[in-house]
Amino acid sequence: MIKAGIIGASGYTGGELLRLLVNHPNVKLELATSRSLAGKPVTSTHKHLEGFLNLKYENPDPEDIRKRCDVVFLAVPHGSAMNYVPELLDGDTRVIDLSADYRLKTSEFEKIYGLKHTDPRNAVYGLVELHPEVSEESLVANPGCFPTGAILAAAPLAAAKLLDIAVFDSKTGISGAGISPTETSHYPNLAENIIPYKLTSHRHRAEIIQELTALDGKLQSISFTPHVIPSIRGILTTAHLFTKEPLSTDDLKTIYEEFYRDKPFIRFPSGVPSLTAVRGSNFCDISFEADKENNRVVVLSAIDNLVKGASGQAIQNMNLMFGLDETCGLWLPAAAP
Ligand SMILES: NC(=O)C1=CN([C@@H]2O[C@H](COP(=O)(O)OP(=O)(O)OC[C@H]3O[C@@H](n4cnc5c(N)ncnc54)[C@H](OP(=O)(O)O)[C@@H]3O)[C@@H](O)[C@H]2O)C=CC1
Ligand SMILES: CC(=O)N[C@@H](CCC(=O)OP(=O)(O)O)C(=O)O
């Protein structure tokens, strides 16, 4: 059995890692950390895990964590993960970082996040559909939630070198903001509302550029605007992709189905994707329609930000890093409606 530890287990992605890992056939949950809740049962805060888990929160030092775990998930805010990684990797332990600390080149991270990076090692970007080489790595940077949906929506056209301009418009549930309440998450501010933010400067744009540019080979014009909607989970991305030549919907079908052949978590539902059809699951549902007159295609993607956008994708990475089938423990339908 793979002994797994979660640092930051009291948060939303930590809770979702626990929910998925309690039923993973190859994993034994060894450790759940929280600085503020050490000594309390994990089920005192994650009440949905009652009857599934006997762990108490702990707050051991990184060396102890490394000795006890084969794999450690870092579910902590960006800027914190880099303080753990060097000590955790000082042995055979493998690390999957859900924060943004290792997703970008160090200089780009420092520019976008305004933080000094103290550990300039490289990590593979853990979007499994594009980076199967995660299986060879001991440190994986799990992608951001918005970039996961946006990159998967545009990757086939970028790889075919057909993409000219990409405009991503995303709507997210509020769990993307983490467990601490904010003015945006305050019920009267969010209910019956849609809140756009960081209209041109969201930090996730850098990840989208990094990955699509790598596929296409040169810098494309890429814009991204997020909105929070009054849902708890889910990200629906509308990608307006302007192409170098006019494409039909049949062309798109050929390109997308070929690119995602044998990728178990990419689905092409009939009609448009829906947040409820992916909620609680690791699927990314994609649909597309050509607007030939404008050299534009509209691609929609739907994910659960806490699963394919975070904890499910992290387990997908773990599966490959340990030589398991990528669907292991993750082959679950959504909790719809
Ligand atoms: N929510 C989402 O949809 C997604 C989140 N992510 C990323 O995953 C990471 C976790 O997100 P999320 O679960 O939402 O965050 P939460 O705020 O819900 O939880 C973070 C947890 O980390 C612990 N923590 C906070 N600061 C530190 C620290 N300095 N050292 C150790 N532990 C700390 C906290 O527990 P305590 O204070 O008790 O120790 C807290 O429970 C973040 O980097 C986030 O950006 C990525 C994709 C999607
Ligand atoms: C609603 C909300 O606030 N969402 C967050 C993104 C969530 C996230 O998970 O960011 P990382 O993947 O980079 O850690 C935001 O816009 O910053």
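1. In this predicted model, the axes of helix H5 (residues 145-159) and helix H7 (residues 205-216) approach to within 9 Å and cross at roughly 20°. Because angles under 35 degrees count as roughly parallel, H5 is described as roughly parallel to H7. The crossing of the two helices is right-handed.

2. The contact between these helices can be given residue by residue. H5 contributes Pro147, Ala150, Ile151, Ala154, Ala155, Ala158 and Ala159. From H7, the partners are Glu207, Ile208, Glu211, Leu212, Leu215 and Asp216. By class, the contact of H5 with H7 comprises 10 nonpolar and 3 charged residues, with no polar ones.

3. With regard to domain organisation, the protein chain is divided into domain 1, spanning 2-122, and domain 2, spanning 145-306. Their centres, taken over C-alpha atoms, are 27 Å apart. Where the domains touch, 9 residues come from domain 1 and 8 residues from domain 2.

4. On the side of domain 1 that touches domain 2, helix H1 (12-21) and helix H4 (106-113) each supply at least two residues. The class composition of this side is 4 nonpolar, 2 polar and 3 charged residues.

5. Which residues lie around ligand 2? They are Ser99, Ala100, Gly144, Cys145, Thr172, Ile174, Gly176, Ala177, Pro226 and Val228. This shell holds 6 nonpolar and 4 polar residues, and no charged residue is present in it. Ser99 and Ala100 of the shell fall within the bounds of domain 1 (2-122), whereas Cys145 of the shell falls within those of domain 2 (145-306).

Conventions
Residues numbered from 1 in each chain as written. Chains lettered and ligands numbered in written order. Predicted model: local features only at pLDDT ≥ 70, side-chain atom pairs only at ≥ 80, totals over all residues. Domains from an automatic or database assignment. Contact = placed C-beta atoms within 7 Å. Helix = DSSP H or I, 4+ residues; strand = E, 2+ residues; numbered from the N terminus. Nonpolar A, V, L, I, M, F, W, Y, C, P; charged D, E, K, R; others polar. Near = placed C-beta within 6 Å. Axes fitted to C-alpha atoms, helices over the stretch in contact; angles between N-to-C directions. Parallel < 35°, antiparallel > 145°, perpendicular 65-115°, else oblique. Left-handed = near helix turned anticlockwise from the far one by under 90°.
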